[in-house]
Amino acid sequence: MKIIDEVKNAASIAISGHIRPDGDCVGSVMGLYLYLKKELPGAEVDVFLEKPAEIFDCISHIEEIKSEINTDKIYDVFIVLDCADDRLGDAGPLFENAGKRINIDHHISNPGCGDVRIVEADRSSTAELLYDLMDADKIDREIATALYIGIIHDTGVLRYSNTSPRTLQVAAELIKYGFDFSDIIQKTFYEKTYVQTQIMGRAVLESVRFMNNRCIVSMVSRRMMDFYQVGPKDLEGIVNQLQVVKDVDCAIFMYETGTLEYKVSLRSNGSVDVASVAMKFGGGGHVRAAGCTMNGTYHDNINNLSKGIAEQLNIK
Ligand code: AMP
Ligand code: MN
Ligand code: MN
């Protein structure tokens, strides 16, 4: 199946992804946007997303992302990438009202939404899946750059276990378009500002291990975020840093989003299915990387998450 067959008769198309967009979300949304604009020059193609982090400014036409939403508008086709309709944020009503609703994703926790559901949980990233839904000869350097960013961000630069032979083949095809992949990896994945490094250091310093050192947890409060003058986008990567500690099976990181409200990120080495833990609290994700939003105190949240984790690790 090719994506163009699903949308070629549409006069208006909207594309969107999840709130707090990560590299795969931004790369997929922009890759598909650039592709459809090129393939369907007569169609109106719009892209809606929360403003991405500045590191993604290297993606061509990223300034065309719209954050103002006219919910009365009815699109012929609405395509949701890298999530289900429950994490669309303000673009949610546009999806509901669209003539045809397409969902392309790789989250095991997503049963699919809309009229056309392409959810492949064995894909490293939505960007990898999108590559196979495009005609390779219609891809250009700008589209390839966007898709490549999606793949490297969801695979930790082709390192996590979600990296398959197909992931590497797609990455190999993409770098043939000639963008500076080494620079893109450095600038979008590894490089951190000084304050980002400081707050990561602080979160690591204040982390605590429990469950016989098999779990590690840390938290960033609003006060800390105010002190370092950082936002949620600056906390990317902290949970992965906790997960690399020797003998840790499961890492938990949370930051305060409101009064008694925390955004929780979970990572595991595979011995805990963190998607199932996150789903208990209305979230989701993958076996080794998942997230949810929890209400309650920091300590209550740790207690509640620990129950599901301890069960899986056979710890009484
Ligand atoms: P994060 O910890 O936010 O980096 O998320 C890890 C993985 O879980 C990513 O693939 C997210 O898209 C997914 N995820 C995070 N939060 C949620 C949620 N509330 N519902 C479904 N999936 C989520
Ligand atoms: Mn994502
Ligand atoms: Mn993804």
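This is a predicted model: local features need pLDDT of at least 70, side-chain atom pairs count only at pLDDT 80 or more; totals for chains, interfaces and linings use all residues.
Reader: Which residues are the protein donors of the manganese ion (ligand 3)?
Author: They are D24 (OD), D82 (OD), H106 (NE2) and D154 (OD), at 2.1 to 2.2 Å from the ion. Donors here are N, O and S atoms within 2.8 Å of the metal (3.2 Å for Na, K and Ca); water is not among the atoms, so sites may look incomplete.

Reader: And how are those donor residues spaced in sequence?
Author: The spacing for ligand 3 is D-x57-D-x23-H-x47-D. Helices (H or I, at least four residues) and strands (E, at least two) are DSSP runs, numbered from the N terminus.

Reader: What about the donors of the manganese ion (ligand 2)?
Author: Its protein donors are H18 (NE2), D22 (OD), D22 (OD) and D82 (OD), lying 2.1 to 2.6 Å from the ion. D22 lies in the loop between β1 (12-16) and α2 (23-39) and D82 in the loop between β3 and α3, so this pair ties together parts that are 60 residues apart in sequence.

Reader: How far apart are the two manganese ions, ligand 2 and ligand 3?
Author: They are 3.6 Å apart, and D82 coordinates both.

Reader: Is D82 buried or exposed?
Author: D82 counts as buried, at 0% relative accessibility, whereas D22 counts as partly exposed at 21%. Buried means under 20% relative accessible area, exposed over 50%, and partly exposed in between (1.4 Å probe, protein chains only).

Reader: Changing topic, what surrounds ligand 1?
Author: Ligand 1 is surrounded by 13 residues, and the closest are R87, H107, K263, S265 and R267. A residue is near a molecule if one of its heavy atoms lies within 4 Å of it. The shell consists of three nonpolar, seven polar and three charged residues. Its largest share, four residues, comes from β11.

Reader: Which atoms of R87 and H107 come in there?
Author: An N or O atom in the side chain of R87 is 2.8 Å from an oxygen atom of ligand 1, and an N or O atom in the side chain of H107 is also 2.8 Å from an oxygen atom of the ligand. A polar backbone atom of G284 is 3.2 Å from a nitrogen atom of ligand 1. The protein covers 83% of the 480 Å² of accessible area that ligand 1 has on its own; such areas come from the Shrake-Rupley method with a 1.4 Å probe.

Reader: Which phi value does V157 have?
Author: Phi of V157 is near 60 degrees, a positive value in a residue other than glycine. Most residues other than glycine have a negative phi. V157 is found in the loop between α5 and α6 and is buried, with a relative accessible area of 19%.

Reader: And where is L260?
Author: L260 is in the loop between β8 (250-258) and β9. Its phi is positive, about 55 degrees, although L260 is not a glycine.

Definitions and conventions
Residues are numbered from 1 along each chain as its sequence is written. Chains are lettered from A and ligands numbered from 1 in the order in which they are written. Side-chain values use heavy atoms; hydrogens and water are left out. A polar contact is a pair of N or O atoms within 3.5 Å; within protein, one must be able to donate a hydrogen and the other to accept it, and residues adjacent in sequence count only if both atoms are side-chain atoms. Ala, Val, Leu, Ile, Met, Phe, Trp, Tyr, Cys and Pro count as nonpolar, Asp, Glu, Lys and Arg as charged, and the others, Gly among them, as polar.
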